[in-house]
Amino acid sequence: MSVVAGTAVEGLAAAAHTFPTEGLESDGTLEWSSTTIVVVEAHADGLTGIGYTYTDGAAAELVRGKLAEAVEGCEALAVGAAHEAMGRALRNVGRPGVGWCALSAVDLALWDLKARLLDLPLVTLLDPVRDEVPIYGSGGFTSYGPERVAEQLGGWVEAGIPRVKMKVGREPGEDAARVAAARAAIGAEAELYVDANGAFGPKEALGWAERYAFEWGVTWFEEPVSSADLAGLRLVRERGPAGLDVAAGEYGYVQRDFVNLIGAVDCLQADVTRCGGITGFLRVGALAAAHGLDLSAHCAPAASAAACCAVPRFRHLEWFHDHVRVESAVFEGMPARVDGALRPDRSQPGNGLVLA
């Protein structure tokens, strides 16, 4: 293996790609008909690292402008230093939100580039504590009626994924039939999760928590209230039924967002394409472990798998319907799914991804 210390990042490229969904999709608080992925390429010494994020196409301009100015010429092996430089460059742009999504995509690309320069699989470079990552099937949009929810979630369980999640909260009066259909389809042994995306008020969420747990055996209640409502999250966590974990964190960007959630959730979530890339994700993992909490990874399975292997207290990774479709169309070399787990590729340097 050649020594590549001193190799500089030569340039960044970014492009946005928008894919229509299979139909109108919705959750407790939002509707959408397309998904946009912003793909970043980082170049050095004839090699290319790949990263990406799910956000508005405006992030691509940030990558080509502010972030390229901050990163180009930096030591390609010093990803942490590049991360700090990008954070400083975004101070007056705004760090939480689209700015941090853009930074996350670049950080992912830089970690991939570093692994390729060192001729190492990314998962090996990150010093893993496990070989594979448990996943849960995620979809069950509120635009799906009971039959379609049952078909999708039941199909994942039949395919060997023993835990599945559905959306709730847009029209609560219809949710009982949808959740009942899901439970019937997946059987008594599979784990059933629900995600309200902040649709409920605290007391309303508490009432639904009782029903979810006692009527349908739900064990995971994600964003029962807005993730900004820390008092509401604590109320549901502390007064909800035993065995029903409250989770939030997918909209966390900077570290303070995750510090604020400590004590308000049973399981912390983070999205590697929002929370500062692999650098930020590993920091959130350390924070969770220090407080006796598991970390669960939100969406973007191909970007997340290697980093998830390096988190000491890790629960599972979201196998999100839309992102699986998009990533399979954009990339070759997706991590292998073996029943209910993903295994990062150890046969190739980097994350194993190439543009299709």
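The model is predicted. Strand E10 spans residues 294-297 and pairs in the parallel sense with strand E9; E10 also runs parallel to strand E11. Elsewhere in the chain, helix H1 and helix H2 have axes that come within 8 Å.

**Strand E10 and its side chains**
- In a regular strand, side chains alternate between the two faces of the sheet.
- From E10, Asp294 and Ser296 point one way, while Leu295 and Ala297 point the other way.
- Are these four residues of E10, Asp294, Leu295, Ser296 and Ala297, buried or exposed? All are buried.

**Pairing with E9**
- E9 covers residues 267-270 and is joined to E10 by four bridges.
- Opposite aspartate 294 of E10 stands cysteine 267.
- Between E9 and E10 the chain passes through helix H10 (residues 277-290), in a right-handed β-α-β crossover.

**Pairing with E11**
- E11 covers residues 314-320, and two bridges join this strand to E10.
- Leucine 295 has phenylalanine 314 in E11 as its bridge partner.
- The chain goes from E10 to E11 by way of helix H11 (residues 301-309), and this β-α-β crossover is right-handed.

**Helices H1 and H2**
- Two packed helices are described by the angle between their axes and the distance between the axes.
- The axes of H1 (residues 58-71) and H2 (residues 79-89) cross at roughly 135°, which makes H1 oblique to H2.
- The H1 and H2 crossing is right-handed.
- H1 makes the contact with Lys66, Leu67, Ala70 and Val71, and H2 with Ala82, Ala85, Met86 and Ala89.

Definitions and conventions
Residues are numbered from 1 along each chain as its sequence is written. This is a predicted model: local features need pLDDT of at least 70, side-chain atom pairs count only at pLDDT 80 or more; totals for chains, interfaces and linings use all residues. Side-chain values use heavy atoms; hydrogens and water are left out. Buried means under 20% relative accessible area, exposed over 50%, partly exposed in between (1.4 Å probe, protein chains only). Two strands pair if DSSP finds at least two bridges between them. A crossover is right-handed if, with the strands pointing away from the viewer, the path from the first strand over the helix to the second runs clockwise. Axes are lines fitted to C-alpha atoms, for helices over the stretch in contact, and angles run from 0 to 180 degrees between N-to-C directions. Angles under 35 degrees count as roughly parallel, over 145 as roughly antiparallel, 65 to 115 as roughly perpendicular and the rest as oblique. A crossing is left-handed if the near helix is turned anticlockwise from the far one by less than a right angle, and right-handed if clockwise. Contact means heavy atoms within 4.5 Å.
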